[in-house]
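The following exercises concern one protein model. Work through each task before reading its solution.

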Amino acid sequence: MGLSQKQLAARLQLAGLGLTQKAVSRIETGDRVVPDYELIVFSEVLKVPICTLLLCEQATN
């Protein structure tokens with residue numbers, strides 16, 4: 001999708017999540033867990049199925 005961490009954080013904030021660029025960075029590095037209610041918003045903002053974010057297809061192969 002080509003979004004920077006700052007851009008993603010801004011879109012998530014507009015969707016109602018109070019995540020900062022630092023929080024997005026921590027998610028990328030595995031230092032922060034994404035709860036289920038945030039995963040739904042990530043899915044909507046990124047316009048991808050939740051399963052894609054969870055790598056469901058990779059796990060079944």
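**Exercise 1.** Which residues of α3 are buried?

Solution. The model is a predicted one. Step 1: a residue counts as buried when its relative accessible area is under 20%. Step 2: in α3, the buried residues are Glu-38, Leu-39, Val-41, Phe-42, Ser-43, Val-45 and Leu-46. Step 3: α1, α2 and α4 (50–54) are included in what covers these buried residues. Step 4: just beyond the end of α3, Lys-47 has a positive phi of about 60°.

**Exercise 2.** Identify the buried residues of α1, and explain why they lie on the same side of α1.

Solution. Step 1: Leu-8, Ala-9 and Leu-12 are the buried residues of α1. Step 2: these residues lie on the same side of α1 because they cover an arc of only 100° around the axis. Step 3: an α-helix has 3.6 residues a turn, so residues three or four places apart point the same way. Step 4: Lys-6 and Leu-14 are exposed on the other side of α1. Step 5: the cover over the buried residues of α1 includes α2 and α3. Step 6: Gly-16, which follows α1, has a positive phi near 110°.

**Exercise 3.** Describe the largest pocket and its lining.

Solution. Step 1: the largest pocket holds about 300 Å³ of space. Step 2: its lining has 13 residues, of which Leu-8, Ile-27, Glu-28, Phe-42 and Leu-46 are the closest to the centre. Step 3: at least two lining residues come from each of α1 (5–14), α2 (21–29) and α3 (36–46). Step 4: by type, the lining comprises 10 nonpolar, 2 polar and 1 charged residues.

Note on methods:
Residues numbered from 1 in each chain as written. Predicted model: local features only at pLDDT ≥ 70, side-chain atom pairs only at ≥ 80, totals over all residues. Heavy atoms only, no water. 1 Å grid on protein atoms, 1.4 Å probe; cavity = no way out; pocket = protein on both sides within 12 Å on 5 of 7 lines; lining within 4 Å. Points joined across faces, edges and corners; volume = space filled by probe spheres on them. Helix = DSSP H or I, 4+ residues; strand = E, 2+ residues; numbered from the N terminus. Nonpolar A, V, L, I, M, F, W, Y, C, P; charged D, E, K, R; others polar. Buried < 20%, exposed > 50% of the residue type's maximum accessible area, 1.4 Å probe, protein only. Arc of directions from axis to C-beta. Contact = heavy atoms within 4.5 Å.
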